[in-house]
Amino acid sequence: MLGAYLPILVLVVIACLFGLGSVVFSSLIGQKKPSQVKLAPYECGCEPVGSARERFSIKFYLIAMLFILFDIEAVFMYPWAVLFKRLGMFGLVEMGLFIVILFVGYVYVWKKGALEWE
Amino acid sequence: MESIFFLVVAAVAVISSILVVTCKNPINSALSLVMTFFCLATFYVMLDAPFMAATQVIVYAGAIMVLIIFVIMLLNVRVETVKRGTHAVIAGSAIGLFILFQTVWFLMKGSMTGKVGDMTKEQIVSVGHVELIGKALFTDFLLPFEVTSVLLLAAIVGAVILAKKKI
Amino acid sequence: METIAMPAINLAVIMPEILLSCIAMVLLLVNVFVPGNNKAYLGYLSIIGLAVTAASAVGGWGPSVSAFNGSVVQDNFAIFFKVIFLISAGLAILISDRYMVQEDCNQGELYPMILFATVGMMLMASGTDLMVIFLGLELLSICLYVLAGWNRDNLKSNEAGLKYFLLGAFSTGFLLYGMALTYGATGSTKIQAISSYVMGNPGVASNPLFVVGMLLIAVGFSFKIAAAPFHMWTPDVYQGAPTPMTAFMSAGPKAAGFAAFIRVMIFAFPMLRAEWSDLLWILAVLTMTVGNIIALSQDNVKRMLAYSSIAHAGYALVGFAAVNAEGAAGILFYMLSYAFMNIGAFAVIILITKKGEVNGNVQDLAGFGHKKPLLAMVLSIFLFSLAGMPPTAGFIGKFYLFSAAIKAGYVWLAIIGVLNSAASLYYYLRVMVFMYMKDPEEDFEWAGATPAIAVCLLVAVGATLVLGVVPGTVLELAQKAVQF
C-alpha cells in the first residue's frame, strides 16, 4: 500500500543526502584559509550596520494572515476539482457561491488598501 | 516493513514534539513543529487518508508555520530570557503523563470502541479518499461548506481591522 | 463515472441566515465604496436589514421543517431565539454610533461584523448538525474577538480581544474534541442520527467515548455562556470591550450559547439526562454564587454588570437543570427580557461615561438622580429588573425559572437561587443609593442622548415593563417554542 509513496520517500532521502553531502564534502575537500575579512558577514559589500535580527513589521503579518485565509479556500477546491465532472452543474454553482462570498472579501481587502505596502 | 516504518516515524514525531517545548530558541521550536506536522502527515498517509495528509502539509506545515515564524520575528524573541519555573515544568509533565496514562489505559481496556462506519479500507482505497471526502462535503455537508466561506470572509475583515496600520 | 445526485435543497428554511449574510456583505462593500467618515447610515441600514430578517424568521413560525439532510431545522424554538438575537443586535447597533465616534473608532465594518455575528448565532440556534453548530459558533466567536478588541488605541480593549481570543480558542478546542468523540461513538454528527443511534443501542450510554464527549461539549458550551468555573474571561473581556459590544455580548451570544447547549444536550444525550442534569445543578449553583459574591465588591459599573451577567447565566441554568418544558420556556423568556434590561443598562452607562471610559465607577454616579432624574429612573428600572423585583420582566423570568426547578423536585436549587437573587439586590441597590442619596463631587458634564440611544432606551424600558406586567402572550409563545 505504502509502495505508491516510495518515490516521494526516495526524493526526500535524495534531497537530505544532497544537502548533507554539500556541507560535508565542501568542508572535507575545500581549502580553508580564513582571514578577518573573509569571515565578516557579507552585506552587499558595505560595512554591516547593526544587528541582522531586526523586528519585523506587522505588515508581513497581515499579508500572511490573508494568505492563510485564501489558502484554506484552495484546500476546498482540491476535492471539488477531483469531482468536478461528476458533480456537474450543481457543483459548479455550489463552488461559484463559495468563491463569490470570498470574492467579496477580496474586493474589500483590495479597496481597503490592505494589499498595499504602506 | 510497514510497522518498522511506523515506529521510525513515530519516534521522530515524539522526539520533535519534545524538542518543540524544550528548545531555547523559538525558531528551533518552530522548525521542530514543522517536523511534527510532517510526521502527522505521514501518519495520515499510512491511514489511507491522503487528502488529510495534503491538507496537513499545505495548511499547517505551509501556511500556519509561516505565520508562527512571522510572529516570532515580529516579537523579536531570540533566546528564551524568562527562566521557566520548576513548578510549571513539574505540573505540566504530571498532567501530560496523566493524560498519556489515561489514554493508554482506555486503549488497553478496549472500551473505547465507537461505531464502525460502513466504509471498509478496501472501499476507500478503490473509490479514492479525496472522492469520498468531496462527495460528503458537497452533498451531505453542503451547508457547512457554504458557511465556511462566510466564516472566512468574517475572518478576512477581522484581520484587516485588527492588523492594518491605517484603517 | 456516475454523476453525483444533487441533494435536496430547501432554501426557505435558512432564508433568514441567507438574507442577513447578503445584507452584511452588501454593507461591507458599501462601506468601502462610499467615502466619508460618518458611518451612522450603515447602522440604520443594518437595522432595516435586521427587521427584514426578523420578518422572514417569524414567517416560519409553525410546524418544524428540517432541511439540508438534517443539518438545519426551522422550528419555533430556533425562531424564538433568532428574534432574541436580532433584537439584541439591533439594540446594540442603536447605541454603537455615538460611543464609537466618541472613542474614535467608528469604522463602518462594525455593522457588518455585528450582522455576521448574528448570522453565526442564528445558525447555532437552528443547526441540528454538530458541524453547523460549530461553524455558527466559530463565525460568532471570530466576530466577537474582533468586536471586543475594536478600540485599537485602548489597551484595555486590546487586552479584552486577546484574552477572549486565547481562552475562546482553547474552549473551542474542548467543544470540537467533544464533538469528535461523540461522532466516534455514534457515527454521525447529525443530532437526529445520534439520537436514533443512541435509542437503538442503549449500551452506548456507558461507552467512555460517548460520556467524555458529552462532558467536553458541556465544558465548551459552559465557557461560551460564561458559567462558573469557566467564567474567568468574562470580567476582563466585558470591562475592556467597547461598551456597546459588551452589551451585545452579554445578551445575544449568551442566548445563542444556551440555544445550542439546550438542543445538543436534550436531543443528542437523552440517555445521559440524569448525569448532565446533575452536572448542570452544580454549574448553576456555582455560577450564581460566584457571580453574585464577586459582584458585591466591584466599584466599576461595567465590571459589576459583567459579574452580574455571570450570575444571570446561573439563573438560566437553574431552568435548564430542571429539564422540563417550564424550565426551557423560562430560559427563552429570561434571555429575551435579559437582552432588554441589560442592553438598556449599558446604554445608560454609555451616556454617562466620557472618552476613554473615565467615570465608570459607582462613585461617579453620586447625585445623578437629582441632575438627570429621568435617566436615573430609567437606569433604576433596569437595575430593579436585573435584581428580579416586580413589576419588571426580570421578576417574571426568575419566577418561572425557579418554579420550574421546584416542579422538577429541585427545591434546594430554587432556594439557593432565591438567596442569590436577594444577595444581588445589594449591589444593584448600591448604585441607586449613590444616584439618589449622595451629593456629587463635581459637576456633571452631560453630552446628551442621541435619537438612536433614546429609541433604544425607550424600547428597552417599554419591553422591560410590558414583559413584567403583561407577560402572558410572550410566555405563551415561549411555551409553544419548546414543544419540540
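## Contacts between chains A and C

In this predicted model, 11 residues of chain A are in contact with 9 residues of chain C. The side of chain A that touches chain C consists, by class, of 6 nonpolar, 4 charged and 1 polar residues.

## Contacts between chains B and A

Chain B contributes 41 residues that are in contact with 38 residues of chain A. On the chain B side, the elements giving two or more residues are α1 (2-22), α2 (26-46), α3 (50-75), α6 (129-140) and α7 (142-163) of chain B. The largest share of this side comes from α7(B), with 13 residues.

Sorted by class, the side of chain B that touches chain A comprises 29 nonpolar, 8 charged and 4 polar residues.

## Helices of chain A

Helix α1 of chain A covers residues 6-29 and has 24 residues. From its first C-alpha to its last, α1(A) reaches 33 Å, close to the 34 Å expected at 1.5 Å a residue. The number of buried residues among the 24 of α1(A) is 0, so this helix lies largely in the open.

Two packed helices are described by the angle between their axes and the distance between the axes. For helix α3 (residues 58-82) and helix α4 (residues 84-112) of chain A, the axes come within 10 Å and cross at roughly 175°. Since angles over 145 degrees count as roughly antiparallel, α3(A) and α4(A) are therefore roughly antiparallel to each other. On α3(A), the contact is made by L66(A), E73(A), F76(A), W80(A) and A81(A); on α4(A), it is made by F84(A), G91(A), M95(A), F98(A), L102(A) and V109(A). By class, this contact of α3(A) with α4(A) has 9 nonpolar, 1 polar and 1 charged residues.

The UniProt record, an unreviewed entry, places the feature "domain: NADH:quinone oxidoreductase/Mrp antiporter transmembrane" at residues 128-421 of chain C. Over residues 128-421, chain C is 79% helix and 0% strand, and the end C-alpha atoms are 34 Å apart.

V13(C) is placed in the segment before α1 (15-33) of chain C.

Notes
Residues are numbered from 1 along each chain as its sequence is written. Chains are lettered from A and ligands numbered from 1 in the order in which they are written. This is a predicted model: local features need pLDDT of at least 70, side-chain atom pairs count only at pLDDT 80 or more; totals for chains, interfaces and linings use all residues. Two residues are in contact if their C-beta atoms, placed from the backbone, lie within 7 Å. Ala, Val, Leu, Ile, Met, Phe, Trp, Tyr, Cys and Pro count as nonpolar, Asp, Glu, Lys and Arg as charged, and the others, Gly among them, as polar. UniProt positions are given in the numbering used here, feature names are shortened, and annotations may be inferred rather than shown by experiment. Helices (H or I, at least four residues) and strands (E, at least two) are DSSP runs, numbered from the N terminus. The expected span of a helix is 1.5 Å times one less than its number of residues. A residue is buried if 20 or more other C-beta atoms lie within 10 Å of its own, exposed if 12 or fewer, and partly exposed in between; C-beta atoms are placed from the backbone. Axes are lines fitted to C-alpha atoms, for helices over the stretch in contact, and angles run from 0 to 180 degrees between N-to-C directions. Angles under 35 degrees count as roughly parallel, over 145 as roughly antiparallel, 65 to 115 as roughly perpendicular and the rest as oblique.
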